Amino acid sequence: MKDLISCEKVSLRQRNIEQGAIMKLNKILKNGFLIILACIALSACATSKKSTGQMQGDVYTGTDTVEYLASGVPDRVFFATNESVLTTASRETLRKQAAWLRKNSKISIVLEGHADERGTREYNLALGERRANAAKDYLMTYGISSDRISVLSYGKERPVDSGSNPLAWSKNRRSVSVKAN
Amino acid sequence: MSLPFLAKKPIDLPPIVSVELIQITEKTNIPFAPKAKKIIEKVKEKEKKLVSEQAPPKKVKKIKPDAVPMPEDKVKKVEKIKEDKQNPEKIDNEVKQVSEFEKEELFDPNNIAALIDKSKESKAETLKKNPDLSQDQNKNFENTGLSLSEEDALKAQIFGCWSIPLGLPYNENLLVRIKLELKPDGSVTKSEILDHARMNKPGQGFYKVLAESALRAIKLCQPLRVPSTGYERWKELQLNFDAREMLEG
Amino acid sequence: MKNFIIILITVLIPIKSFALIEVDITRGNLNPLPVAVSPLSIDEESRKNFEKILKKKNIGSEISSIVENNLRVSGLFNPLNKDAFLQEPDIANLKPRFEDWNLIKAQALITGKVSYVDQKLRVEFRLWDVLAGKEMMALAFTTVPNNWRRVGHIITDKVYERLTGEKGYFDTRIIYVAEEGPKTQRVKKLAIMDQDGANNKFLTLGNELVLTPRFNPTSQMVTYLSYFRNLPRVYLLDIETGTQEVVGDFPGMTFAPRFSPDGKKIIMSFAKDGNSEIYTMDLENRIVEKITNHPSIDTSPSYSPDGKFISFNSDRSGYQQIYVMKSDGSKVKRISFGKGIYGTPVWSPRGDLIAFTKLHKGKFYIGVMRTDGSGERLLTENYYQEAPSWSPNGRVLIFYRETKTDSKGKGFSAKLWSIDLTGYNERQVTTPTDGSDPSWSSLLSN
C-alpha cells in the first residue's frame with residue numbers, strides 16, 4: 001500500500017505540472033519532461049511489484065484484449081492502478097494512432113476511458129474520463145484536432161475481463177480508441 | 001438555457017408504472033402529465049386519502065390525569081370508538097391524523113404517571129429536588145450498603161431482564177434513576193422514577209422509552225435477588241439505569 | 001433564605017438516617033424486545049369482501065404478518081411465535097389477558113381489527129405494555145383496499161416510534177439499479193420497490209446504462225445518470241408522470257447527482273478535460289454554479305441536512321479522501337485521515353454523522369464518522385461494497401455489495417444489503433434481480 005501511495009503522489013505532481021504547462025511548452029521539451037517523470041513513477045512502482053509476462057508493475061503489457069484500428073495500430077492503452085499517466089508503451093501506441101489518424105483525416109474517434117472494479121463507482125467515472133483525456137491530450141500534441149476526438153468514460157461499467165484478479169484489473173484499466181464514423 | 005425534454009418513447013418507460021406509483025405520493029400536488037392525469041382522477045374519485053385517527057378520540061378529556069383505567073373502563077371505551085367510527089365525519093384527511101396523534105402524545109404522560117405508581121411519596125419528592133444529596137450522603141454510609149457479592153447478584157439478575165431499546169440516541173444522557181420499596185422476599189411494592197419530570201420535556205421522547213424499559217426490567221425480574229439478611233438496609237433501593245456504556249460500545 | 005436553610009437541614013436529617021443504597025445498572029441485554037403480534041381480527045363479511053377485491057384469503061393476518069416481518073427485520077424486536085398465543089385475536093383486541101401474554105414472555109402486544117367500510121379498508125390497532133398492563137397507543141386507518149401493505153408499514157412505524165423513541169422507516173421505498181447479464185455487458189434498469197422488497201417495478205427497459213438514482217426529499221422525483229445516446233448526463237425523472245429531462249446543458253459528462261435538502265437544487269460533478277468539478281443547478285431558475293475549483297477529481301457531493309455544508313471526495317491530496325466545505329465552496333477541509341482511501345460520503349438525516357466507503361488493504365468497508373472526521377467506526381468489511389444510503393431516521397444504512405468472480409469466471413453478483421448504525425443486524429435486501437446503487441426514500445406518510 002505504501003509503495004502504491006508514493007507512486008500516486010509522484011504522478012499527481014506530474015499531472016498538475018502537466019495542466020499548467022501543457023499549452024505553453026513546446027512538444028519536444030514537454031515530452032522529454034514527461035518521460036523523465038514517467039520513469040520516476042515507474043521505477044517507484046517497479047520496486048514493489050515484479051513484472052510478469054503480461055504486466056509491468058501493474059500495467060498490462062499483453063495483447064489478449066487488444067484490437068487494431070488498422071494493421072499495426074493497436075486501439076488501446078493501459079494504466080497503473082488509480083493512474084492516468086501514459087507509459088512509454090502507451091505513448092508508442094498513441095503515436096501510431098496519431099499517424100493513422102493523420103493519414104485518414106476524415107475519421108474521428110471516441111476515446112473510451114475505463115477503470116477497474118476496485119473503486120467507488122462515481123470516482124471511477126471521473127478516473128475513466130481523466131484517462132481518456134490523457135490519451136486525447138497526447139494525440140493532440142501529435143497534431144490531431146480536438147474536433148476529431150470525443151471522450152466518453154465508462155468508469156468500471158464495461159470491463160473486458162470479468163475476472164477478479166490483478167491481471168484482469170490491469171486489462172480493464174484502459175483507454176480505447178473507437179472509430180466514430 | 002434550453003432543456004431537451006425527452007418524450008416517453010425514447011426512454012421506454014412502461015406506462016403502467018407511472019399510474020401504479022401514484023398512490024404512494026398522492027400527498028404531493030404536482031401537476032400531472034395530461035395522460036396520467038385522467039387516470040389519476042379516475043382513481044381518486046374512488047379513493048380517499050389514507051386516514052388515520054386516534055381510536056378513542058375522547059379518551060383525553062374523559063380521564064383524569066392520575067386515574068388508572070380499570071379493565072371494565074377499557075371495554076366501554078372500545079365500544080365508544082365503534083360508535084365514533086360510524087360517524088362518517090370522523091374519517092377525515094391526514095391533517096387530522098397528525099393532530100390526533102399529537103393528542104395521543106400529550107396524553108401519554110398520564111399513562112406513564114399511572115405506570116410509575118399510583119401515589120407519590122413526599123420523601124421521594126425531596127430526593128428529586130436534591131438529587132445530588134443522596135449520592136453524597138451515600139459515601140458516608142458505604143459500610144451500610146450491599147456487599148460486593150450481594151450487589152453483583154442483583155446486578156446480574158437485572159442485566160438479564162433489561163432489554164435496552166437499541167434505537168436510543170447514543171450521545172445523550174441516558175440515565176434513569178428508579179427508587180424501589182421492597183418486601184423481604186424481594187418483590188417490589190413501589191417503584192418511582194426520580195427524574196420523571198424529564199419525561200414530559202419536548203425532545204426527550206427517548207427518555208420516556210428508556211424509563212419504560214427500566215420499569216419493565218424491574219417487573220420482569222421480580223422478585224429481586226436481594227440478600228437474605230439485613231432487610232432494614234435494603235428495604236429501599238435506588239437503581240440507576242444507564243444505557244450509555246452499552247449503546248456507545 | 002434562612003427559612004430555606006432550615007428546610008434544607010430538616011430535609012437532610014431524615015435522609016441521613018436512611019442512607020439509600022444505590023445500585024448502578026450499566027448493562028442490559030441487547031436482545032430484541034419480545035413482541036406478540038396478534039393477527040388482526042376480521043369479521044366474516046369483511047373477509048369475503050377483501051378476498052374478492054385483493055385475492056387474499058385473510059387480509060387481517062396478511063397485514064399483521066407485514067408488521068411482524070418489519071419488526072423482525074429491524075433487529076430491535078422479536079415477534080413471538082403465534083402458535084403460543086392463547087387468546088383469540090378479536091378478544092385480545094378488546095381486552096388482553098395480560099397474564100397469558102406475560103406467560104409467553106411478550107413485553108409488548110399488538111392487536112387490532114380490520115373491517116370493510118364503504119368500499120374502504122379500515123384498520124384499527126392497539127399497542128399494549130404487557131408488563132404494566134396498559135394500553136400504549138391506539139390508532140385507526142382508512143384507505144383504499146389496494147393500500148393494505150402500506151397500512152402494515154404505517155402501523156410498524158407507529159409501534160417503532162412508541163417503543164424506541166424515534167421515527168420509523170417502514171413506510172418508505174428504495175430506488176435502485178436492477179442488474180442482469182454478464183459482467184462485461186451488464187444490463188441495468190432503474191427499479192423501485194417498497195422498503196421490504198414488495199411491489200418491485202422497473203422504470204426503464206435497460207436499453208441504456210443507468211446509474212446512481214437518488215430521491216428528492218419528497219421521494220417523488222429521482223435524479224440519476226443515464227447513458228442515453230451514449231452521452232452520460234444527469235437526468236431528472238418524475239416517477240408519477242414518467243417525464244424526464246436532462247439536468248443543465250453541460251458540454252460533457254455530468255454524474256454523481258444528489259438533491260439539496262430543500263429539493264430545489266441538484267448537486268453533481270461535471271467532468272471536462274480530465275478534471276471533475278462539483279456544480280449545482282437550481283431547478284427553478286436553471287442557474288448553474290461552480291462550487292469546487294481544483295485540478296483533481298472532486299465528486300460524490302452530499303449536502304448536510306441543513307444545506308449549509310457539502311461533503312465530497314477528492315484526490316487532491318494524491319488519493320481519494322473525504323472533504324467538507326461550506327455550501328458556497330469556501331473553507332474546504334479534509335476530514336478523513338485514517339489509513340486507506342475514503343469515498344462516497346453521505347450526510348446522515350440527523351446531521352451528526354457522515355457514512356462512507358473505505359478501501360484499505362484490498363478490503364472495502366462501510367463506516368461512519370462525525371462530521372469533523374472524528375469517531376470513525378467501521379460497520380462492515382467485505383470484498384467489495386460501497387454507496388451507503390441512510391434510512392430516513394438515520395438508524396439504518398443500505399448499500400450494495402459485489403462478490404468476486406472466481407477462476408472459472410463465475411460467482412459474480414451484486415446485491416443490496418442493510419446494516420444498523422450499531423454494526424449489528426446486517427441483512428441482504430432481496431430483489432428479483434441483482435441490484436446496486438440503492439437510495440432510500442423519506443417517510444411517505446407522516
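Predicted model: local features only at pLDDT ≥ 70, side-chain atom pairs only at ≥ 80, totals over all residues.

Trainee: Does C:Ile110 count as buried or exposed?

Mentor: The general idea is to count neighbours: a residue is buried if 20 or more other C-beta atoms lie within 10 Å of its own. C:Ile110 has 28 C-beta neighbours inside 10 Å and therefore counts as buried.

Trainee: Which residues does C:Ile110 touch, leaving aside those up to four places away in sequence?

Mentor: Its contacts are C:Val35, C:Val37, C:Ser38, C:Val67, C:Phe125, C:Leu127 and C:Val159.

Trainee: Let us turn to sheets. In what order do the strands of the open sheet in chain C run?

Mentor: One reads a sheet from strand to strand, noting order and sense. Here four strands of chain C follow the order β23-β24-β25-β26, with antiparallel pairing. At the edges are β23 (341-347) and β26 (377-382) of chain C; each has a single partner strand, so one side of each lacks a neighbour in the sheet. From one strand to the next, the twist averages 20 degrees.

Trainee: How many bridges join β24 and β25 of chain C?

Mentor: Eight bridges link β24 (residues 353-360) and β25 (residues 363-370) of chain C, in the antiparallel sense. As one instance, C:Ile354 has C:Met369 in β25(C) as its bridge partner.

Trainee: At what angle do helices α3 and α4 of chain A cross?

Mentor: For a helix pair, one considers axis distance, angle and hand. The axes of α3 (residues 88-103) and α4 (residues 121-141) of chain A come within 9 Å and cross at roughly 55 degrees. α3(A) and α4(A) are therefore oblique to each other, and their crossing is right-handed. On α3(A), the contact involves A:Arg91, A:Leu94, A:Gln97 and A:Ala98, and on α4(A), A:Ala135, A:Tyr138 and A:Leu139. Classified, these comprise five nonpolar, one polar and one charged residues.

Trainee: Finally, how many residues of chain C are in contact with chain A?

Mentor: The size of an interface is often given as the accessible area lost when the parts come together. Here we count residues instead: 36 of chain C are in contact with 30 of chain A. Elements giving two or more residues to the chain C side include β11 (210-215), β15 (253-259) and β23 of chain C. By class, that side has 14 nonpolar, 16 polar and six charged residues.

Methods. Residues numbered from 1 in each chain as written. Chains lettered and ligands numbered in written order. Pairing = 2+ DSSP bridges. Axes fitted to C-alpha atoms, helices over the stretch in contact; angles between N-to-C directions. Parallel < 35°, antiparallel > 145°, perpendicular 65-115°, else oblique. Left-handed = near helix turned anticlockwise from the far one by under 90°. Contact = placed C-beta atoms within 7 Å. Nonpolar A, V, L, I, M, F, W, Y, C, P; charged D, E, K, R; others polar. Buried ≥ 20, exposed ≤ 12 C-beta atoms within 10 Å, placed from the backbone.
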